[in-house]
Amino acid sequence: MTYGIEFVPGNVNVKQVVNYCKLAESKDIDYAWITNHYNNRHCYPVLTAVAQATTTLKMGPGIMNSFTDTPAGMASFACTLNEISDGRAVLGIGPGDLSTLPKLAIDPVKPVARLGEAIDQIRALCSGAEVKKSGLEFFDYDGAKLTGVTLPGKKGIPVYVGAQGPKVLELAGLKGDGALINASNPKDFAVAIPIIKAACEKVGKKGFDVGAYTALSIDQDQKKAEKAAKIVAAFIAAGSPEALLQRHGLDLANVAKIKDALARFDFGAVGGLVTEKEIAAFTICGTPDVIRQKCEDLTKAGVTQIIFGSPLGPDMTNSIRLLGKIM
Ligand SMILES: C[C@H](OP(=O)(O)OC[C@@H](O)[C@@H](O)[C@@H](O)Cn1c2nc(=O)[nH]c(=O)c-2cc2ccc(O)cc21)C(=O)N[C@@H](CCC(=O)N[C@@H](CCC(=O)O)C(=O)O)C(=O)O
């Protein structure tokens, strides 16, 4: 099992992310994933700062997308980060947040097909090839080639696909080295992993890294951990399709109330509406012993990398220290 940690450079600034990553590295956490949202600090400079302050931690966007950046831009960034970090760069890329992109006047047409082309072009550019026209729909480059950056060589840059839907999960198996699946509950991996496995078998792929991109809250006090997890569980529940809510046996009427309270920014009401069921469905939350058990359950479900995702807990430094003891 490998472990990762996620930071959202909106609620923490660059200096804090760097300090948390240094602490995570000292606790033998393997990967740092930095989220990418247009309204937050950009993940690229944050990752550069992390690379310059660490020596063993691998790091990358968790996740970028091919609507707000281009394959050439992502390839150039990934190779530059790889150069700065002496070979520790990874690249998390996904279909993009379909609810946010229209705010940027981007019509997220055919996100899956676009993502597939982007991954192919990124890999071709990172290999040093001159990428010629081949009749692609979105990124039909015409003689593009990376010439002014150190290329990663045979190893390439590991590409992790952020995926939840079945088509993107399949794409991850076909074209990715790993997946970052926004889920914390073994029930979701029981659905996702067979799709990925079938795709890997189709292309004869071995050693695929199944990442559980969890929402985690750890504290010595169970109640304090649950309190910190509630708002994240609420947002995930509110944004989840009905089928997913039913998979976890959630009360649809209660989730609708949570959604309304979030829309009114009535976070007090949200706290009263979120039950243990929403917390169990969408987060791993509790004392170190509880978290250890939840990680064992995810391992049994076939997960190979557990990413400790936001909020981490009421106190992030304390959380990282506690996580260092349970791995
Ligand atoms: C596109 C969408 O894929 P999805 O896997 O469900 O995507 C949901 C999220 O993963 C996506 O919004 C991510 O960008 C969210 N996300 C982040 N989003 C961000 O904006 N920033 C982040 O930092 C971020 C991190 C992150 C980490 C892990 C993770 O799993 C997701 C993360 C979907 O609807 N897929 C379906 C249907 C796709 C489909 O049919 N679409 C096309 C047709 C097919 C085609 O595209 O060619 C269409 O709409 O016309 C499917 O996979 O089956």
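This is a predicted model: local features need pLDDT of at least 70, side-chain atom pairs count only at pLDDT 80 or more; totals for chains, interfaces and linings use all residues.

Biologist: What makes you speak of a domain here, and where does it lie?

Modeller: The label comes from UniProt, in an unreviewed entry: "domain: Luciferase-like", at residues 13-305. Such annotations may be inferred rather than shown by experiment. Over residues 13-305 the chain is 49% helix and 12% strand. The end C-alpha atoms of that stretch are 26 Å apart.

Biologist: What is the order of the strands in the open sheet?

Modeller: Nine strands, in the order β3-β2-β1-β11-β8-β7-β6-β5-β4, with parallel pairing.

Biologist: Why are β3 and β4 called edge strands?

Modeller: Each pairs on one side only. β3 covers residues 58-61 and β4 covers 64-65.

Biologist: How do you know that β5 and β6 are paired?

Modeller: Pairing needs at least two bridges. Three bridges join β5 (residues 91-94) to β6 (residues 159-163), and the two run parallel. Leu91 stands opposite Val159. Ile93 stands opposite Val161.

Biologist: What makes β6 a covered strand?

Modeller: Five of its five residues are buried. Both faces are covered. Val159, Val161 and Ala163 are on one side, Tyr160 and Gly162 on the other.

Biologist: Why is Tyr160 called buried?

Modeller: The cut-off is under 20% relative accessible area. Tyr160 has 4%, so it counts as buried. Its place is in strand β6.

Biologist: Which residues does Tyr160 contact beyond its sequence neighbours?

Modeller: Leaving aside neighbours within four places, the contacts include Tyr31, Trp33, Leu91, Ile93, Leu180, Asp209 and Gln305. The C-alpha atoms of Tyr160 and Gly60 are separated by 9.4 Å, although these residues are 100 apart along the chain.

Biologist: What makes the Tyr160 and Tyr31 pair a polar contact?

Modeller: The limit is an N or O pair within 3.5 Å. The two side chains meet at 3.5 Å, so the pair counts.

Biologist: Asn36 sits in a loop. Is Asn36 buried or exposed?

Modeller: Buried. Its relative accessibility is 15%, against a cut-off of under 20%, so the label holds. The loop runs between β2 (31-34) and α2 (43-53). The Asn36 side chain reaches the backbone oxygen of Ile63 at 3.5 Å. Not counting residues up to four places away, Asn36 touches Cys43, Ile63, Met64, Asn65 and Thr68.

Biologist: Now helix α9. How does its reach compare with the expected span?

Modeller: α9 has 12 residues, 252-263. From first C-alpha to last, α9 reaches 16 Å, close to the 16 Å expected at 1.5 Å a residue.

Biologist: Which residues of α9 are buried, and why are they said to share a side?

Modeller: They are Asn254, Val255, Ile258, Ala261 and Leu262. They cover an arc of only 120° around the axis, which puts them on the same side of α9. An α-helix has 3.6 residues a turn, so residues three or four places apart point the same way.

Biologist: What covers the buried residues of α9?

Modeller: The cover includes α7 (222-239), α8 (242-247), α10 (267-273) and α11 (276-282).

Biologist: What is found at the start of α9, and what follows the helix?

Modeller: At the start, a side-chain oxygen of Asp251 reaches to within 2.8 Å of the backbone nitrogen of Ala253. Phe265 follows α9, with a positive phi near 55°.

Key:
Residues are numbered from 1 along each chain as its sequence is written. Side-chain values use heavy atoms; hydrogens and water are left out. Helices (H or I, at least four residues) and strands (E, at least two) are DSSP runs, numbered from the N terminus. The expected span of a helix is 1.5 Å times one less than its number of residues. Buried means under 20% relative accessible area, exposed over 50%, partly exposed in between (1.4 Å probe, protein chains only). The arc is that of the directions from the helix axis to the C-beta atoms. Contact means heavy atoms within 4.5 Å. A polar contact is a pair of N or O atoms within 3.5 Å; within protein, one must be able to donate a hydrogen and the other to accept it, and residues adjacent in sequence count only if both atoms are side-chain atoms.
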